[in-house]
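I opened this model to see how its parts pack together. My notes follow in the order I looked things up.

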Amino acid sequence: MQLWDGFLTAKSKVVVPDYRKVQKEIDISRLFLLTSYRRLDSSATDEDLDRIEQLGRTVPFPDQEHQVQENIHDQVRNISRALDTIFLAGCERKKSLEEGFKRPSGLAFAVTKSKPDIEVQKLLGPPATASLGKYDIDEALKNQLGFSLHLKDSEVPGHNAGQGLFLEGIARTGTVVALYPGVIYSPAKYWYIPGYPKLDNPYLVSRYEGYVIDGKSWGKGGTSREFWDGYDEPEEKEEDLEDRKEEQGEEAMVDKASEGEAASQVIERRNPLALAHFVNHPPKGQLPNVMICPYDFPEHEEDMRPYIPNLRFEDDTVKNMERRGKSWSKVPLPEVLSAKDRDPTYLRGLVLVTTRNVCNEELLLNYRLSNPKTKPEWYHPVDEAEERRRWANQDGSAV
């Protein structure tokens with residue numbers, strides 16, 4: 001019996017108007033159980049499991065949500081340390097920016113004591129890392145974490161699934177196995193998404209609060225640690241450009257072109273776990289073995305930053321947006337916002353967490369596609385009730 005079965009049954013019987021919020025709480029409670037279970041060592045007893053299940057029924061949702069973030073951050077920190085061991089082997093440990101600018105050089109005297117801007121960082125270049133190929137990186141990662149990820153032809157039958165994401169090795173229940181890469185857009189910045197409003201992009205994924213991550217420009221990563229600006233897009237077709245001008249206005253398009261950008265950061269483009277955007281949906285009758293988990297990365301943790309494969313579009317400070325039907329609208333800011341919500345230095349990312357023990361198999365994720373009218377023939381809902389709640393309006397009607 002899965003740990004969250006009892007909670008799911010109880011939660012589903014609660015009659016409340018905000019069905020999307022109900023599904024979010026179900027998902028977070030699942031993740032609370034999974035990631036708490038992951039913290040136990042191999043000597044865990046049935047009593048330990050019962051204790052975690054009881055906590056899942058009694059701990060308030062905000063506390064569960066906070067604990068999930070703590071559990072995920074601990075795992076991502078361990079992943080970053082493992083990657084440091086791999087990529088910085090034989091290299092001098094990177095100094096902090098402030099220390100780096102104290103070395104005697106003409107450039108050092110030309111900058112202030114405050115944190116240097118991105119252009120100065122580019123002049124200095126990213127820190128030295130080991131020259132490693134994909135095979136060496138994957139083998140080293142498997143030695144460190146017990147598993148590695150690989151892209152190869154999907155085993156999902158019934159349609160041309162293309163490449164799939166495979167785990168080689170063993171990952172325990174509740175393990176972070178992949179990070180979703182790409183540029184992060186808040187609801188206030190949707191119109192900056194390449195191709196908007198005609199979004200023919202299978203690499204877009206959304207969080208509950210509306211942040212969208214576009215993994216298309218990441219591709220399969222890169223070959224070095226480099227300054228990445230998040231852009232790798234084809235020129236827009238002329239007919240699509242005209243449609244956008246008609247819908248948004250030519251003046252708005254000019255403003256968008258001049259204002260829109262994602263500030264580049266030093267990112268490890270060889271990150272072997274930044275492949276979550278290649279995971280496939282399970283075939284009919286098969287359950288997923290991973291689930292999406294929101295992850296808020298605190299950018300002040302500079303040693304971890306190169307391994308977080310995301311950029312925020314512009315300086316996306318918090319803007320209070322509320323979903324109204326199919327769109328998001330600005331609403332008055334509440335008098336009280338949490339310190340985290342007021343702090344723009346969190347990257348609103350996503351990771352994949354295993355829902356059971358996974359061993360040498362393809363990773364499969366429930367896509368929960370949002371538009372019931374345009375779902376492809378190969379798509380079979382894993383749980384229709386969950387899917388309806390995930391995308392329902394507050395009154396329970398379909399989006």
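I count a contact when heavy atoms lie within 4.5 Å. I started with Leu363. Leaving aside neighbours within four places in sequence, Leu363 is in contact with Leu149, Leu165, Phe166, Leu167, Val177, Val279, Asn280, Asn289, Val290 and Val358.

**Ground rules.** This is a predicted model, where local features need pLDDT of at least 70, side-chain atom pairs count only at pLDDT 80 or more, and totals for chains, interfaces and linings use all residues. Residues are numbered from 1 along each chain as its sequence is written, and side-chain values use heavy atoms, with hydrogens and water left out.

**Overall.** I looked up the secondary structure of the protein chain and found 12 helices and 14 strands. Helices (H or I, at least four residues) and strands (E, at least two) are DSSP runs, numbered from the N terminus. Next I checked burial. Buried means under 20% relative accessible area, exposed over 50%, and partly exposed in between, with a 1.4 Å probe and protein chains only. Buried residues make up 43% of the 399 residues in the protein chain. Of the contacts with a separation of 6 or more, 76% are between residues 24 or more positions apart.

**Cores.** In soluble globular proteins, nonpolar side chains tend to be buried together. I take a nonpolar core as a set of buried Ala, Val, Leu, Ile, Met, Phe, Trp, Tyr and Cys residues joined through side-chain atoms within 4.5 Å. Which members of the largest core touch the most other members? They are Ile72 and Leu363, out of 52 residues. I then listed elements that each supply at least two residues of this core: α2 (19-39), α4 (61-87), α8 (134-145), β1 (147-153), β2 (163-171), β3 (176-179), β9 (290-298) and β13 (346-354). The largest share, 8 residues, comes from α4. A second, separate core has 7 residues, among them Val183, Tyr185, Tyr192 and Ile193.

Two strands pair if DSSP finds at least two bridges between them. I traced an open sheet of 3 strands in the order β3-β13-β9, with antiparallel pairing. β3 and β9 each have a single partner strand, so one side of each is left without a neighbour in the sheet. The twist averages 40° from one strand to the next. For angles, axes are lines fitted to C-alpha atoms, for helices over the stretch in contact, and values run from 0 to 180 degrees between N-to-C directions. β3 is joined to β13 by 3 bridges. Ala178 stands opposite Leu352 in β13. I also found helices on this sheet. α2 touches β9 and β13, and its direction makes about 85° with that of β9. α4 lies across β3, β9 and β13 and runs at about 80° to β9.

**Helix pairs.** I checked α2 against helix α3 (residues 46-58). They pack at an angle of about 150°, with their axes 10 Å apart. That makes α2 roughly antiparallel to α3. The classes are under 35 degrees for roughly parallel, over 145 for roughly antiparallel, 65 to 115 for roughly perpendicular, and oblique for the rest. Phe32, Leu33, Ser36 and Tyr37 in α2 meet Leu49, Ile52, Glu53, Leu55 and Gly56 in α3.

Then I took α4 and α8. Their angle is about 135° and their axes are 10 Å apart. That makes α4 oblique to α8. On the α4 side I noted Ile79, Ala82, Leu83, Thr85, Ile86 and Phe87; on the α8 side, Ile137, Ala140, Leu141, Gln144 and Leu145.

**Other strand pairs.** β1 and β2 pair in the antiparallel sense over 7 bridges. In β2, the bridge partner of Asp153 is Gln163. β2 also pairs with strand β14 (residues 358-362), antiparallel, over 4 bridges. There, Leu167 stands opposite Glu361 in β14.

I looked at a second open sheet. Its 4 strands run in the order β5-β6-β4-β10, with mixed pairing. The edge strands, β5 (204-206) and β10 (310-312), each pair on one side only. Leu204 stands opposite Asp214 in β6.

**A loop residue.** Is Glu377 buried or exposed? Glu377 counts as exposed, at 80% relative accessibility. I found Glu377 in the loop between β14 and α12 (384-391). Glu377 and Gly158 are 219 residues apart in sequence and 9.6 Å apart in space, C-alpha to C-alpha.
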